[in-house]
Amino acid sequence: MHPRDQTIFALSSGRPPSAIALVRVSGSQAGKIVTSLAGKLPSPRAATRALLKDIGQRPIDDAVVLWFPAPASATGEDVAEFHVHGGRAVLAALLAALSGFENVRAAEPGEFTRRAFENGKLDLTEAEGLDDLIHADTDRQRRQALRQLKGLLGDRARDWRARIIEASALIEAGIDFSDEGDVPAELIAPALAKVKALLAEIEEVLAGPSRSERLRDGLVVAIAGPPNVGKSTLMNQLARREVAIVSPHAGTTRDVIEVQLDLDGYPVTVIDTAGIRETDDPVEQEGVRRARARAADADLVLWLADGSQAAIQHDGLAPVWMVRNKIDLDAASRPLAEKSGQGVFQISASRGDGLPELIEALVGFAQNYFGDGEGGVITRTRQRQLLLETVGSLRCCIQVVEQGEELAAEELRMAAHSLGRLLGRVDVEDILDVIFREFCVGK
């Protein structure tokens, strides 16, 4: 039997032990499995208590069973859910019992969602929204992913594709009736009007701020500077936990350390880098090289220094904020040389002086970076690229129509094909594995 025809199962809740665990089954054998383990098939979509027993009629657990016959299920197939106690022994016994059925196997990562996609329960943009929802770290990411899951882009793309097909039908009708005098002109004019209106609409979406794509990836802030100025201490203060080793000895941080933060709903990755200085130590040299490279790729650099170390050694394009640390020490009493156009902050990373102001400024930077509101429609590079291809085909259609209706019709077919790929309905087999393997097992 082909793997896609086999029945699959997986733990779809958190890692045990837990109070309750959810094991989901999807496929043609789901009904047989429920009948065998629970003794009977429950009424559809009605939670039913049952004593689960394995093939040898040995009790597994007192559970709640739900039955969702196809096609009214999450995957479009027969689906069963077993809500059991979340102990490791209970789950081990249930999973072992499921493995004992013929043509039943453990699911691969994302396989439940992929079957839902293949059975028309959601399109590819909605599947991407679901993936983003699973991996959302902040409330703003969650809201954006949920909007995509609910068809933010998919609904518009289906409407655009339908309008392209309507315009294509008009042009091809003109081709079919080319010997009927002025009939082609009567058909092509409204077709071009549809194309121009659609082109303007998609271009408006593409011209909008790319805040949604940025929100998905998050903001990267690098803490850089000379050795032993308190970079790791500042990192720990921002993270509110010990994530980096703090030592009075220079060169303690040898590699790049990252921590994910939620600043007012904005996802921010803060990076603690090795102290930048000249050194003969080959390991520290590599740490300095990585620090420079990571800071160059950051969206914002916090250059940390004390009063005696003011020179900024950063060649990247990102904005640099000068952060003067150790203001609680007399040795740091000399002011830093300010650079025009840069933010300057004075803090004590060890005591917390000035940190609220720095964090408030970081939130403001994030607000400006991501933009106000959550109106972005495009959330992935793949989506933007396919919309750009669609726009290119629509423009060509308008340009070549005078050279022949057949050329214009071909460009419309290409535009419809690009939108079909956006939705995952044509010619996307090569990217499905990449997208769905990012899901967790059981989803």
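Reader: Which residues does Leu133 touch, not counting residues up to four places away in sequence?

Author: Leu133 touches Arg142, Ala145, Leu146 and Leu149. Contact means heavy atoms within 4.5 Å. This is a predicted model, where local features need pLDDT of at least 70 and side-chain atom pairs count only at pLDDT 80 or more, while totals for chains, interfaces and linings use all residues. Residues are numbered from 1 along each chain as its sequence is written, and side-chain values use heavy atoms, with hydrogens and water left out.

Reader: What makes Leu133 partly exposed?

Author: The relative accessibility of Leu133 is 26%. Buried means under 20% relative accessible area, exposed means over 50%, and partly exposed lies in between (1.4 Å probe, protein chains only). The 26% of Leu133 therefore counts as partly exposed.

Reader: What makes H4 mostly covered?

Author: Nine of the 11 residues of H4 are buried. Among them are Leu124, Ala127, Gly129 and Leu130. The buried residues of H4 also include Glu126, Glu128, Asp131 and Asp132.

Reader: Why is H4 called roughly antiparallel to H5?

Author: The axes of H4 (residues 124–134) and H5 (residues 139–149) cross at roughly 155 degrees and come within 7 Å. That angle makes H4 roughly antiparallel to H5. Angles under 35 degrees count as roughly parallel, over 145 as roughly antiparallel, 65 to 115 as roughly perpendicular, and the rest as oblique. Axes are lines fitted to C-alpha atoms, for helices over the stretch in contact, and angles run from 0 to 180 degrees between N-to-C directions.

Reader: Is the crossing of H4 and H5 left-handed or right-handed?

Author: The crossing is left-handed. That term applies if the near helix is turned anticlockwise from the far one by less than a right angle; clockwise would be right-handed.

Reader: Which residues meet between H4 and H5?

Author: From H4 come Thr125, Glu126, Gly129, Leu130, Asp132 and Leu133. From H5 come Arg142, Ala145, Leu146, Gln148 and Leu149. By class, the contact has five nonpolar, three polar and three charged residues. Ala, Val, Leu, Ile, Met, Phe, Trp, Tyr, Cys and Pro count as nonpolar, Asp, Glu, Lys and Arg as charged, and the others, Gly among them, as polar.

Reader: Why does Thr138 count as buried?

Author: Thr138 has 5% relative accessibility, so it counts as buried. Thr138 sits in the loop between H4 and H5. Beyond four places in sequence, Thr138 touches Asp262, Gly265, Tyr266 and Pro267. A polar atom of the Thr138 side chain lies 2.6 Å from the backbone oxygen of Gly265.

Reader: What joins the side chains of Thr379 and Gln148?

Author: A polar contact of 3.1 Å joins them. A polar contact is a pair of N or O atoms within 3.5 Å; within protein, one must be able to donate a hydrogen and the other to accept it, and residues adjacent in sequence count only if both atoms are side-chain atoms. Leaving aside neighbours within four places in sequence, Thr379 also contacts Asp132, Gln144, Ser212, Glu213 and Arg216.

Reader: Where is Thr379, and is it buried or exposed?

Author: Thr379 lies in the loop between helix H11 (355–370) and helix H12 (381–400). Its relative accessible area is 3%, so Thr379 is buried.

Reader: What makes H12 roughly antiparallel to H13?

Author: H12 and H13 (residues 405–423) pack at about 170 degrees, with axes 8 Å apart. The angle makes them roughly antiparallel. The contact includes Leu386, Cys396 and Val400 of H12, and Leu412, Met414 and Leu419 of H13. The contact residues divide into 13 nonpolar, four polar and four charged.

Reader: Which peptide bond next to Pro71 is cis?

Author: The bond from Ala70 to Pro71 is cis, with omega near 0 degrees. Pro71 lies in the loop between strand E4 (59–68) and strand E5 (79–86). The bond from Pro16 to Pro17 is also cis.

Definitions and conventions:
Helices (H or I, at least four residues) and strands (E, at least two) are DSSP runs, numbered from the N terminus.
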